[in-house]
Amino acid sequence: MEIKQEDVRRYIPEWDDNREKAEGEQIVLHIAPMTGGELRAAYRVALTGKGDSVEKSLEVLERIIKTRVVRAENCVDILDRTILNGEDLWSRGPQELVDEAHAALTEISTLRAGLKND
């Protein structure tokens, strides 16, 4: 799935008082909106509430974070290793930051779905 560079947005997370830091020290996530199919899959899994929905929900969340967090700046794990993208964020990032990235992706994807070109 190709991500168009013009669709990528800079997102400055609130996590860990990040927005209070100096501009050059803030964590910045470059995120691309989910496709309609990804968005529907995320909603569908969240709404089912059946036996293996937690496992499926994690699979969907993992796929979204890994593909839609295109790049990370000024982000490190607890061992001070650099987190460069969604793969790194998913595997080594703080859970709260992963959750916030997912919330931001959901928000921009939902908003984008309602936008139309003139």
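1. A word on terms before we start: a residue is called buried under 20% relative accessible area, exposed over 50%, and partly exposed in between, using a 1.4 Å probe and protein chains only. Aspartate 77, at 7% relative accessibility, therefore counts as buried. Please keep in mind that this is a predicted model, in which local features need pLDDT of at least 70 and side-chain atom pairs count only at pLDDT 80 or more, while totals for chains, interfaces and linings use all residues. Residues are numbered from 1 along each chain as its sequence is written, and side-chain values use heavy atoms, with hydrogens and water left out.

2. Now to the charged pairs. Searching the whole structure turns up 8 salt bridges, a salt bridge being a side-chain nitrogen of Lys or Arg within 4 Å of a carboxyl oxygen of Asp or Glu. One of them pairs aspartate 77 with arginine 81, at 2.7 Å from N to O. Salt bridges with shared partners link Asp77, Arg81, Asp88 and Arg92 into one network. Aspartate 77 is buried, whereas arginine 81 is partly exposed, with a relative accessible area of 42%.

3. Helices here are DSSP runs of H or I with at least four residues, strands are runs of E with at least two, and both are numbered from the N terminus.

4. Another salt bridge joins glutamate 73 and arginine 71, at 3.1 Å from N to O. Glutamate 73 is partly exposed at a relative accessible area of 26%, and arginine 71 counts as partly exposed at 40%.

5. Glutamate 100, in helix α4 (residues 95–113), may be worth a look. This residue is buried yet has no salt bridge, and the nearest side chain of opposite charge, arginine 19, is 4.3 Å away. For charge, Lys and Arg count as positive and Asp and Glu as negative, with His and the chain ends not counted. Setting aside neighbours within four places in sequence, glutamate 100 is in contact (heavy atoms within 4.5 Å) with Tyr11, Pro13, Glu14, Trp15 and Arg19.

6. Next, the backbone. Most residues other than glycine have a negative phi. Aspartate 16 has a positive phi, near 60 degrees; this residue sits in the loop between β1 (9–11) and β2 (28–31) and is partly exposed at 48% relative accessible area. Asparagine 74 also has a positive phi, near 55 degrees. Asparagine 74 is in the loop between β3 (69–73) and α3 (86–92), and is partly exposed at 41% relative accessibility.

7. Last, is glutamate 55 buried or exposed? With 54% relative accessibility, glutamate 55 counts as exposed. Glutamate 55 is part of helix α2 (residues 53–68), and its C-alpha atom is 9.5 Å from that of valine 45, 10 residues apart along the chain.
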